[in-house]
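Student: I should like to go through the reasoning behind several structural labels, one at a time. Please set each value against its criterion before drawing a conclusion.

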Amino acid sequence: MEKEKKNTEFKMPKMGGGLRSFLTQYIGQVVFLLLVFLFLSFATDNFLSSQNLINVMRQISTNMYVSCALTMILICGGIDLSTGSVMAFSGMIAGFLSLAGVPFWICAACSLLAGAAVGFVSGFIISSTNLPPFIVTYSMQSILRGTVYVITSANVLRLTDEAFLEFGGGSLGFIPWPVVYMILVIIATYMILNLSRLGRHMYATGGNVKAAEFSGIRVKRIRRFIYAASGTMAALSGLVYTSRNTSMQPALGTGMEMDAIAAVVLGGTSMGGGQGGVLGTVLGVLIIGFINNGLNLLRMNSFWQYICKGVVILIAVYLDDMKNKRMLRATGK
Amino acid sequence: MENYLLEMSGIHKRFPGVHALKGAQLKLRAGEVHALVGENGSGKSTLLNVLGGIISKDEGEIRINGQPVSINGVLDAQRAGISIIHQELVLVPYLSIAENIYINREPMRGGRVDYKTMYTTAQKFIDDLGLSLDAREKVVRLTIAQQQMVEIVKAVSFNAKIIAMDEPTSSLSDKEIDALFHNIRSLKARGIGIIYISHRLSELSTIADTVTVLRDGETVAAMPVAQTNNDEIVRLMVGREVTNYYTRTYNSPGEVLLDVKGLCSPKVEDVSFTLRAGEILGIAGLVGAGRTETVKAILGLDQRTKGEILFLGKPLRAKDPMDAYRQGIAYIPENRREEGIIPLQTVRFNTTLKVLQKFIHGIRVNRTEESRITAQYMNQLSVKAASQLTRLQNLSGGNQQKVVIASWLATDPKLIIMDEPTRGIDVGAKAEIYALMNSLAQQGIGIIMISSELPEIINMSDRVLVMREGKISKVLSRDQISQEEIMKYAVNI
């Protein structure tokens with residue numbers, strides 16, 4: 001007991017501890033990512049070309065927006081299955097407004113607001129009733145997808161506004177705009193989760209709702225915020241997709257939420273809440289992005305790609321789970 | 001050589017970083033109730049889990065009726081006639097009593113479960129023990145005490161020779177405890193050996209025949225209960241003389257901190273009292289008398305229907321607890337695990353959760369200040385943890401409770417409400433918490449302490465509110481406080 005006690009002494013945080021703690025936490029993901037990276041570098045001719053790498057970054061950006069928001073949701077102990085439909089819904093709003101001649105920045109603002117609003121509604125229902133987030137957001141997914149099909153009659157909207165097409169298709173120097181947004185979203189999420197009081201409150205909420213409430217944390221507000229944030233990120237994702245495709249397709253974003261969940265869990269964030277972080281999610285999105293890209297470069301049949309992706313995700317998540325169990329055992333009980 | 005039903009000797013178990021059992025031993029005779037006591041972390045549960053086949057031992061020998069047995073799993077233990085009733089009951093709520101008793105060994109006929117046989121045999125076991133339970137009742141409808149009875153019936157139906165109970169009385173009322181003891185005696189009469197783990201030493205003289213004391217994974221004593229007393233057992237448990245178990249220096253109370261007038265909520269009626277600075281006000285009463293509900297109504301966790309609350313002379317309008325907290329009221333809840341701690345987070349995270357504004361401004365985090373605050377309160381409460389980054393789930397109950405208290409002290413409260421502050425924590429940590437309460441009171445902090453443990457109410461309080469059926473039935477001043485007086489007003493006579 002004596003030897004345990006003296007360790008409570010005041011210690012200065014060590015410099016360079018950030019990288020070390022990043023590596024101990026995410027060693028599995030980093031190694032996995034490097035293996036995939038090395039394999040593809042040797043197995044394909046053009047994986048390492050700057051053209052291809054920028055391409056991968058552009059492809060993963062939309063998944064990154066929603067995965068960042070989803071990380072906060074999983075940390076709070078929730079889940080969001082409505083992402084794909086919110087993308088289509090807000091993409092449709094932007095598309096209609098743009099076709100009606102509304103300036104792009106108003107279209108974009110309305111679209112993001114619409115995403116935030118539907119997310120807020122989900123968050124409101126979840127926080128004021130005790131319905132499971134799984135069911136609430138799944139219902140929302142179905143309602144919004146239906147709405148999009150009803151309003152568009154399943155027709156594609158073709159876009160012509162230059163500013164709209166620049167939003168997702170253009171670039172800043174050699175960096176595509178979607179990648180710029182991606183970096184901003186990652187930084188913002190990191191700041192919320194790791195540097196703000198709100199972030200601590202999120203970890204507390206997911207770690208033990210009751211204790212959080214008894215500590216005076218306003219859990220309901222946090223829930224509304226994260227689902228609204230998730231809706232907003234889905235809308236951003238929808239805008240970028242729509243812009244890049246130069247058209248709004250009613251089936252836009254179908255299945256997106258599953259890729260996001262896979263990426264976040266692959267990044268070590270627990271579905272049980274209270275644990276995880278956005279850096280892991282970045283790694284998770286990168287892994288899934290490289291796998292998708294690599295399978296394309298290897299010219300694998302797209303049906304086989306689904307199977308391959310599923311197996312790889314399963315293995316990666318299993319390895320992470322093993323590592324966590326070992327770490328838990330090492331810390332005592 | 002004497003005949004023992006069970007002999008566990010030289011049991012060692014090492015976990016990474018912890019040598020949990022260091023040659024522990026336990027000898028149990030048939031038809032005896034054998035108490036197993038020790039502080040949290042002394043290895044009681046580990047020893048029980050070794051016996052039950054839940055964890056495997058590294059070294060040591062287990063003999064039953066003199067024959068060595070090897071227990072490598074729960075099934076081995078069952079076959080050897082060992083049944084363990086855990087503190088957290090593990091029955092399936094939406095199945096009937098009979099289905100729970102026969103789970104995984106349902107009587108079959110023609111490839112289908114033979115429910116008729118299952119219900120009749122289960123009912124027979126229940127009746128044999130003289131219990132009034134219906135084998136067809138769903139477990140979810142039973143009280144904790146009744147669920148415990150089902151566990152006992154289940155153990156008997158396995159033909160268990162050894163039944164181990166881990167803190168069976170921790171969530172039972174006095175009446176239910178009497179019923180449990182009655183059942184334990186009838187098990188004894190059948191020649192079953194009973195291992196009984198409890199933190200309530202006062203129970204031992206009533207129910208136990210012999211006692212084994214564990215400390216730091218070693219057996220430090222084993223003796224008949226009749227030849228010892230609680231003081232000696234406590235000394236053996238902590239390994240030193242516990243002087244001044246209760247620390248209390250009374251000082252003249254200061255200004256009125258809290259003035260509650262005619263408080264009503266759906267669960268309490270017309271509650272009025274005052275609390276002065278430097279005073280410890282005990283709230284006693286039976287479970288369900290409205291003690292916790294009173295403080296919840298004050299804090300705004302429960303809705304307030306009538307009445308006025310003045311805090312430092314100003315009306316306290318608490319719609320949610322945040323309002324109360326901001327004005328300097330702290331609330332240490334009753335169920336530490338469910339309401340107090342974030343188990344997966346670190347000591348540092350938990351300690352500073354309520355004072356983030358002291359070191360996080362916008363997105364600037366002052367890590368130095370954060371660890372300084374944590375260190376300050378860890379030292380003040382002598383929290384025993386490997387480091388500030390130890391997860392709460394890896395601390396003992398007493399240390400978890402200290403962290404909860406630390407996190408509230410960090411908010412510089414003027415009034416602290418403690419609901420069952422020492423429930424489920426060991427004697428050493430209890431004494432430390434009493435000493436802390438005393439020094440807080442001396443600093444002029446007002447404390448409201450809800451407790452079901454009469455000794456701590458009697459020894460720590462300046463005044464005691466006794467509650468019954470949602471109302472205050474009596475306010476006892478210091479010279480009036482006694483066990484008899486409290487019980488008189490707590491129970492409707």
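Student: Why is B:Ile363 called partly exposed?

Tutor: In this predicted model, B:Ile363 has a relative accessibility of 40%. Buried requires under 20% and exposed over 50%, with partly exposed in between; B:Ile363 therefore counts as partly exposed.

Student: Where does B:Ile363 lie, and which residues is B:Ile363 in contact with, leaving aside its neighbours within four places in sequence?

Tutor: B:Ile363 sits in the loop between strand E19 (360-361) and strand E20 (364-365) of chain B. With those neighbours set aside, B:Ile363 is in contact with A:Met191 and A:Leu195. Contact here means heavy atoms within 4.5 Å.

Student: Is B:Asp259 counted as buried or exposed, and why?

Tutor: The relative accessibility of B:Asp259 is 18%. The limit for buried is under 20%, so B:Asp259 counts as buried. B:Asp259 belongs to strand E13 (residues 256-265) of chain B. Not counting residues up to four places away in sequence, B:Asp259 touches B:Phe273, B:Thr274, B:Glu308, B:Ile309 and B:Leu310.

Student: What makes helix H9 of chain B largely enclosed by the rest of the structure?

Tutor: Helix H9 covers residues 291-299, and seven of its nine residues are buried, so the helix is largely enclosed. Among the buried residues of H9(B) are B:Arg291, B:Val295 and B:Leu299. Just after H9(B), B:Gly300 adopts a positive phi of about 90 degrees.

Student: How do you know that the span of helix H14 of chain B agrees with its number of residues?

Tutor: H14 comprises 13 residues, 397-409. At 1.5 Å a residue, they should span 18 Å; the end C-alpha atoms are 18 Å apart, and therefore the two values agree.

Student: What makes H14(B) mostly covered?

Tutor: The count of buried residues in H14(B) is 13 of 13.

Student: How do you know that the radius of gyration of chain B agrees with that of a compact globule?

Tutor: For 493 residues, a compact globule would have a radius of gyration near 23 Å; chain B has 25 Å, so the value agrees. Along its principal axes, the C-alpha trace of chain B spans about 75 × 50 × 50 Å.

Student: What percentage of the residues of chain B count as buried, and how many helices and strands does chain B have?

Tutor: Of the 493 residues of chain B, 53% count as buried. The secondary structure of chain B consists of 17 helices and 24 strands.

Methods: Residues numbered from 1 in each chain as written. Chains lettered and ligands numbered in written order. Predicted model: local features only at pLDDT ≥ 70, side-chain atom pairs only at ≥ 80, totals over all residues. Heavy atoms only, no water. Helix = DSSP H or I, 4+ residues; strand = E, 2+ residues; numbered from the N terminus. Rg over C-alpha atoms; globule rule 2.2 N^0.38 Å. Buried < 20%, exposed > 50% of the residue type's maximum accessible area, 1.4 Å probe, protein only. Expected span 1.5 Å × (residues − 1).
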